Amino acid sequence: MAASALGWVLRAARQVLPSSCTRQVRSYYVDWRMLRDVKRRKLAYEYADERLRINAIRKNTILPKELQEVADKEIADLPRDSCPVRIRNRCVLTSRPRGVKRRWRLSRIVFRHFADHAQMSGIQRAMW
Amino acid sequence: EKDESTASKDSTTEAAPQSQEDRAETPKQKLLDIIGNMKVEVSYKKKLQQLKTREIKKQATNKLEGLDSEGSTLQKTTEDTQRGKPLNPELVEAASAVASSLPRNKKQTESELLAQLRRHEETTDKQKKGGTINLRNVISEMAVKRQSSAQRGVRISNRISLELDEDGQRTKPERFSPQSFDSRRSLKVGKRLNIFTKASTEAENALKTVSSPTIWDLEFAKKIAAITAQPPRNGFEEMIQWTKEGILWEFPIDNEAGMEDDAEFHEHIFLEKHLEGFPKQGPIRHFMELVICGLSKNPYLSVKQKIEHIEWFQNYFEEKKELLQEI
């Protein structure tokens, strides 16, 4: 019970208000760009199924074209942040948009910092 | 005299269970006469008493076996009634006869004999039910321990290690070591001795109605959690903690750890039964058959998700029916 209470407290600290009422956001993300990226990821997750289905209707040679045009309009009506193309794989620690290795989700500078301090498992300086 | 009496007794014991009630009385009468006529000397008193009690007990067991079918209903009664059950009148007569033959206090010996008979009957009844502790079973398993020199050192070191640990906490070493070499035989082998009774399971307390937890309750719970959650003493405990939290997977790795797919394979593949709402001809049917083909090949979705996909398409096409009819 106390663990759940503690968990609730922790989660409240990192809470981001839902997109309907974005007045003042209090979170522990590195910067606002990272926050926006987080919102885009959430929306993309929510609308993923619908986008998949509407695209299945669109990218078709069997169904009539009128139907496909209607589907085009529908997908354009969805919120802009729901498309997965807008997600940027930023560095998790510094929010750097470029130079991010996908496996560790870290930018090259942070990666190098940790690797030199031997805090990356299985990473070794290369020499051959 | 003793040999004759024992010989005659043996013959009568063999004869008694076989014979019917009429015949049983004649050897008994003979016995009683023999006992009454026997002259007892003071020096042999104890031996004779033992002999006679043994004979009486034999007689009693034989009579019990003979009368078992009749007296079975009586024996099945509860223990309270067993104690109050009057002894067989024949046994009483035999006891009185023996008591009369002995030189000492007749009444005292008679009462003692009767008491012994009662106890004997109780034990025989219990043994028939299998309730008494058979000491033989207990002792058979026990073996005399011989201290071997090789193990002496281990025991001494065990005693020393029990005192203090490195951290200063008095923690006993792992509990498996005393079990491993103290009993060369394993602990769970052998007959059940029925010495210990199972502790009666306590009645479950009725669930108290829980009102919404007050702030003080929350604080108390937090304190308890903080105190009981000691930091892990070693890497193993840390890994245990992580596994409980969900950070570490459970080994050996189970590929279907989070998934609970109760559906059989045929529910995944044969999805045509969900296509009943669609028209049987036309491009839509063609399209939906392609959809079903793709879904049946998808191992990552659950059956529910697949059905949801198909239902969504159904709803979508129903909404667009007017459009489709224009075409």
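Predicted model: local features only at pLDDT ≥ 70, side-chain atom pairs only at ≥ 80, totals over all residues.

Student: Within what distance do the axes come? And is the crossing left-handed or right-handed?

Tutor: The axes come within 11 Å, with α14 spanning residues 283–296 and α15 residues 303–319 of chain B. The crossing is right-handed.

Student: Which residues make the contact?

Tutor: From α14(B) you have I284(B), F287(B), M288(B), V291(B), I292(B), L295(B) and S296(B). On the α15(B) side there are K306(B), H309(B), I310(B), F313(B) and F317(B). By type, that's 9 nonpolar, 2 polar and 1 charged.

Student: OK, switching to cores. How many residues does the largest nonpolar core have?

Tutor: 23 residues, and those with the most contacts inside it are I57(A), F278(B), F287(B), M288(B), F313(B) and F317(B).

Student: Which helices supply at least two residues each?

Tutor: α3 (48–58) and α4 (65–77) of chain A, plus α14 and α15 of chain B. The largest share, 6 residues, comes from α14(B).

Student: F287(B) keeps turning up. What is F287(B) in contact with, leaving aside neighbours within four places in sequence?

Tutor: In chain A, A56(A), I57(A), N60(A), I62(A) and L63(A); in chain B, F313(B) and F317(B).

Student: And what's in the second core?

Tutor: That one is separate and has 8 residues, among them A95(B), V98(B), L114(B) and L117(B).

Notes:
Residues numbered from 1 in each chain as written. Chains lettered and ligands numbered in written order. Heavy atoms only, no water. Axes fitted to C-alpha atoms, helices over the stretch in contact; angles between N-to-C directions. Helix = DSSP H or I, 4+ residues; strand = E, 2+ residues; numbered from the N terminus. Left-handed = near helix turned anticlockwise from the far one by under 90°. Contact = heavy atoms within 4.5 Å. Nonpolar A, V, L, I, M, F, W, Y, C, P; charged D, E, K, R; others polar. Core = buried A, V, L, I, M, F, W, Y, C linked by side-chain atoms within 4.5 Å. Buried < 20%, exposed > 50% of the residue type's maximum accessible area, 1.4 Å probe, protein only.
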